[in-house]
Amino acid sequence: MTIRDKVAIIGVGATPFGEHFERGYPDLIVEAAYEAFEDANVSPSQIQAAWLGTCFPDSGGYQGNAGASLADALSLYHVPISRVANYCATGTDAFRNACFAVASGIYDIVLVVGAEKMRDVTARESLVGQLAETGHPVHGKGVTAPGMFALFATRYFELFGIGRETLAKVAMKNHRHGSLNPKAHFQKEITLEQYFKAPMVADPLGLYDCCPQTDGAAAAVICRPDLASTFNTEPILVKGLGLANPVGDELAFDPESDFISFRATKDAARQAYEQAGIRDPLKEIDVAELHDCFTITELVTYEDLGFCPTGEGRQFIEKGVSSLEGELPVNTSGGLKSCGHPIGATGLRMIGEITDQLRGRAGKRQVKGATRGLVHNLGGLGAVTSVIVLGS
Amino acid sequence: MIGILDYAAYVPIHRLTRAEIGRAWGRPSGPPHGDGQRAVANFDEDSLTLAAEASLRCLGQPEGQRPDGLYFASTTAPDHERQAATVIAAAADLPREIRTADFAGSLRAGTSALLAALDAVKGGPAWSILVAAADCRLAEPGQMAEALMGDGAAAFLVGEGEALATVEAAYSIAEEFPGTWRQSRNLYIQSDDEKFASTYGYQRISLEAMRGVLDKAKVSPEQVSKVVCPAPDLPSYTALAKASGIPLLFLQDPLLFSVGFTGVAAPLLLLATCLEKAEPGQLIMVLSYGCGADALLLSVTDNIEAHRLRARRSLIGHGRPLPSYQTYLKYRGLVKSQHSVWEVEPFSSLTMMWRERKQNLGLYGVKCTKCGAVFFPARRVCPRCETKDAFEPHKLSRRGRLVTFSKDRLYPGPEPLTAMAVVDLDGGGRLFTQMADSDPETLRVGMEVELTLRIFHESKGYAHYFWKAKPSHL
């Protein structure tokens, strides 16, 4: 059994990503979902079931705790709704569960929404506060997200003899791509000088190595492939869905962790590649959205996804392979670096970007003739990773 | 032979110069009170953790000596009702069936605990008892005592065995004397007539105790090699030495210029430094003043030489300058963020901390009896060989090496930077924790570190103690 060609994406939508002080959590859901309905040419009444991806119900802990939050926002009370939370891979995992529901034949048309309202509290309270105040009282206490991923940067630098100038190349590329994306949080290029002048956040990671705290929602409408053409002439097919959590939350305590690669990414990619029939990802993938929560994550992920051998991420970025004009453009949207990272929304935003690329409607960011794309969505410190392959 | 079996000291790394304290308060530097420096406990240290570090150094590792009692002495125990001795015993992985007690209320609580421990050994209920004394006393900011005091700890293992020194005589006086005091509800020590306190209190009572112990042991002052005598300040010390008529015996450095007056820890800390250079056959007198006085006469045995051959770390250490008086205020929690901008209230569950007490305080991981893999924290199913419930408790080493680290400037805390470390422990197990006392610039992958007990946070009004890593050379 494989998921390949059993699910079609017929519509995607997303809010602009940014600090939406004038919009609430339900507003974000409405905007993303209705854009997806319109794109799919379906009405809300045709939806038979829905999945909501929200990782941390940030706004006081009530909105996004359950599927009811989606029902309330859309008045979508007639369908069953599940809420999914799986760290930063929440959006892709909501999508994955929805795909299984369609592939099983139980439902024909299903809605998936990922939403995260992070800026109803200060940026510090949003994720930093989460990590400082939750979790085990003493184990691993003291970290923030950049503090955790910096553990990888330190070790990677030590083993492969690179420095921050390589991370700068990832940041500059993604900012350049983001400058072409009208929905990105940051739509501006940065210079090497800006990169090095910016304050440090968690050494060796500085400000431009980190994605911002952002509000946003993204949605997809999926259906049985045999029905897809009645709604949309250009359905995109799911070719592979991988999800892996081989080390769980204990990566930093696991004596086998090498801090230069994420086993979760390798395992999820193996699953997705096998389903999609991919043997040489560099040649067979045309465009990819990678989880660049921090620049070091993108660098390591080139290697974990098999785009280049271990330890050659530096050459991969420096030769421009992953830039818009390169052999395998990565993060044409600008990535998390430019778009921001409303946690539950990110995975669905990535699916939307790849869908747009495969439909040839990505505007200035269009990768010519893209027919197969990849989404990589990583949660925790590599606690969980989704890899999705989509094809036209 | 009943006596002192081992000893250790711990003085926190930071030193604040009296010149810097004087600068902050607009006081002239120089004598009598403007010279030298004082030791300052880090923001994550208190009397309990200082005493724990001294205790662990005294007991050694990995499988050190196992006393059947632990006494803690301090006027600044972090809790009035939560025994510090029990927490330290748990961190030292001592069995539950031991005697523990906290001694408090007087600056001579350290020697009182030592005498009580010796009595318990002599009386039979215990073979050996660890006595750990520590103090982190606070004077009101700007008061002279603030500059003169220092933070520190010492630990003595007493019992039946190859003693380094035996107690030939002890003489105690209990006298209600209003010198310095601190009411339970107050943070800062108080004093009133300082001349009265020094002459009629410190000097008169110390002299009486000194004569008392000599008479009791039928020993003349000439037979004594050294007098270990803590002092609140240099003028009081020199006046006492002079009044004693035997000032030459008072040459044991009271550490007033390098560490400061360490309160309850002082007599034991000074005795430890004295024993470092003691010769077999010497008589050492220990004076301990507070609400009366204790005086002890110790006889150094031949065992001191074998003891000295063992590799030991420096008792006091070199210290590292604290950049400013403001940092001292911050470390001691005397300035706080009014709007709690950087304060966090981490999740805390007392049931959870109780359930995990052996793992978290005793520092135990688990070892798979099928495949030998070691894990921390504990788990039920082995991720290597997938066997269920084949784990046995595995005592983790407190030494290891840095696998990787980061320097986090975002984590809310009193320091601008929290260094996080992944440590591979000798003998297996990996710990992910904060660094303590480290200079962030000196961190390197592969560097040797050791674990030290620190306060991680206080939530629910309860301090959560756990292990941080610090560079081994500190």
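This is a predicted model: local features need pLDDT of at least 70, side-chain atom pairs count only at pLDDT 80 or more; totals for chains, interfaces and linings use all residues.
## Domains of chain B

The domain assignment divides chain B into domain 1 (2-331), domain 2 (346-362 + 398-474) and domain 3 (364-396). Taken over C-alpha atoms, the centres of domain 1 of chain B and domain 3 of chain B are 42 Å apart.

## Helix 1 of chain A

Helix 1 of chain A covers residues 25-40, 16 residues in total. From first C-alpha to last, helix 1 of chain A reaches 23 Å, close to the 22 Å expected at 1.5 Å a residue. Just after helix 1 of chain A comes A:N41, with a positive phi of about 65°.

The buried residues of this helix are A:Y25, A:L28, A:I29, A:V30, A:E31, A:A32, A:A33, A:A36, A:F37, A:D39 and A:A40. Their packing partners in chain A are strand 1 (8-14), helix 2 (68-74), strand 4 (109-116), strand 7 (216-223) and helix 8 (225-231).

## Sheet 3-2-14 of chain B

In chain B, three strands make an open sheet with the order 3-2-14 and mixed pairing. Strand 3 (37-40) and strand 14 (320-321) of chain B are at the edges; each has a single partner strand, so one side of each has no neighbour in the sheet.

Strand 2 (residues 14-17) of chain B pairs with strand 3 of chain B in the antiparallel sense, over four bridges. In this pairing, B:T17 is opposite B:Q37 of strand 3 of chain B. Helix 1 (residues 18-25) of chain B lies across strand 2 and strand 3 of chain B, at about 55° to strand 2 of chain B.

## Sheet 16-15-17 of chain B

Another open sheet of three strands in chain B has the order 16-15-17, and its pairing is antiparallel. Its edge strands are strand 16 (374-375) and strand 17 (391-395) of chain B, each pairing on one side only.

Five antiparallel bridges join strand 15 (residues 364-368) of chain B to strand 17 of chain B. B:G365 faces B:H394 of strand 17 of chain B.

## Nonpolar core

The largest nonpolar core has 294 residues. Those with the most contacts inside this core are A:I222, B:A51, B:I88 and B:V131. Helix 1 of chain A supplies the largest share of the core, nine residues.

Apart from its neighbours within four places in sequence, B:A51 is in contact with B:F72, B:A84, B:I88, B:A132, B:A133, B:A134, B:A153 and B:A155.

Key
Residues are numbered from 1 along each chain as its sequence is written. Chains are lettered from A and ligands numbered from 1 in the order in which they are written. Domain bounds come from an automatic or database domain assignment. Helices (H or I, at least four residues) and strands (E, at least two) are DSSP runs, numbered from the N terminus. The expected span of a helix is 1.5 Å times one less than its number of residues. A residue is buried if 20 or more other C-beta atoms lie within 10 Å of its own, exposed if 12 or fewer, and partly exposed in between; C-beta atoms are placed from the backbone. Two residues are in contact if their C-beta atoms, placed from the backbone, lie within 7 Å. Two strands pair if DSSP finds at least two bridges between them. Axes are lines fitted to C-alpha atoms, for helices over the stretch in contact, and angles run from 0 to 180 degrees between N-to-C directions. A nonpolar core is a set of buried Ala, Val, Leu, Ile, Met, Phe, Trp, Tyr and Cys residues joined through C-beta atoms within 7 Å.
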